[in-house]
Amino acid sequence: QVQLVESGGGLGQPGGSLRLACVASGSIFVMYSMGWYRQAPGKQRELVADVMRDGVTNYADNVKGRFTISRDDAENTVYLQMNSLKPEDTGVYYCHADRYGFGPSAGAWGQGTQVTVSS
């Protein structure tokens with residue numbers, strides 16, 4: 001089973017940038033589609049962006065044009081570059097690894113990293 005460790009969260013300014021990283025270990029990284037999800041206080045966890053094994057990406061409408069997901073298969077790492085941050089981007093961001101296409105109901109999760117956007 002793959003293990004995931006996120007990093008890069010913290011306090012960001014409105015209009016600023018943060019970059020999250022998720023390092024995978026314990027399995028063959030290239031076999032997994034990778035995603036970033038977030039959970040705001042009092043809300044359900046939602047998909048932010050994902051990247052397929054072939055590099056195809058998908059974004060939630062509310063982050064399109066601001067966030068970029070990428071993967072480095074040589075480093076077993078997936079990144080989320082977050083630009084033009086808004087207070088509503090605040091939440092715990094989770095990395096997800098999906099080998100069989102079952103989505104967030106299966107696969108592996110990281111422990112989460114807190115992102116707070118505030119002036």
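This is a predicted model: local features need pLDDT of at least 70, side-chain atom pairs count only at pLDDT 80 or more; totals for chains, interfaces and linings use all residues.
The structure contains 5 salt bridges. In one of them, the side chains of Arg38 and Asp89 come together with an N to O distance of 2.9 Å. Arg38 belongs to strand S4 (residues 33–39), whereas Asp89 sits in the loop between strand S8 (77–82) and strand S9 (91–98), so this pair ties together parts that are 51 residues apart in sequence. Both partners, Arg38 and Asp89, are buried.

Asp89 has a further partner in Arg66, and the closest N and O atoms of this salt bridge are 2.8 Å apart. Here too the pair links distant parts of the chain: Arg66 is found in the loop between strand S6 (57–59) and strand S7 (67–72), and Asp89 in the loop between S8 and S9, 23 residues apart. Arg66 has a relative accessibility of 10% and therefore counts as buried. For Asp89 the value is 0%, which likewise places this residue in the buried class. Taken together, Arg38, Glu46, Arg66 and Asp89 are linked in a network of salt bridges.

Another salt bridge joins Arg71 to Asp73, with the closest N and O atoms 2.8 Å apart. Arg71 has a relative accessible area of 17% and is buried, because buried means under 20%. Asp73, with a relative accessible area of 32%, is partly exposed.

The last stop is Thr113, which is located in strand S11 (residues 113–117). With a relative accessibility of 11%, Thr113 counts as buried. A polar atom of the Thr113 side chain lies 3.3 Å from the backbone nitrogen of Gly9. Leaving aside residues up to four places away in sequence, Thr113 touches Glu6, Ser7, Gly8 and Gly9, along with Leu20, Gly91, Val92 and Tyr93.

Notes: Residues are numbered from 1 along each chain as its sequence is written. Side-chain values use heavy atoms; hydrogens and water are left out. A salt bridge is a side-chain nitrogen of Lys or Arg within 4 Å of a carboxyl oxygen of Asp or Glu. Helices (H or I, at least four residues) and strands (E, at least two) are DSSP runs, numbered from the N terminus. Buried means under 20% relative accessible area, exposed over 50%, partly exposed in between (1.4 Å probe, protein chains only). A polar contact is a pair of N or O atoms within 3.5 Å; within protein, one must be able to donate a hydrogen and the other to accept it, and residues adjacent in sequence count only if both atoms are side-chain atoms. Contact means heavy atoms within 4.5 Å.
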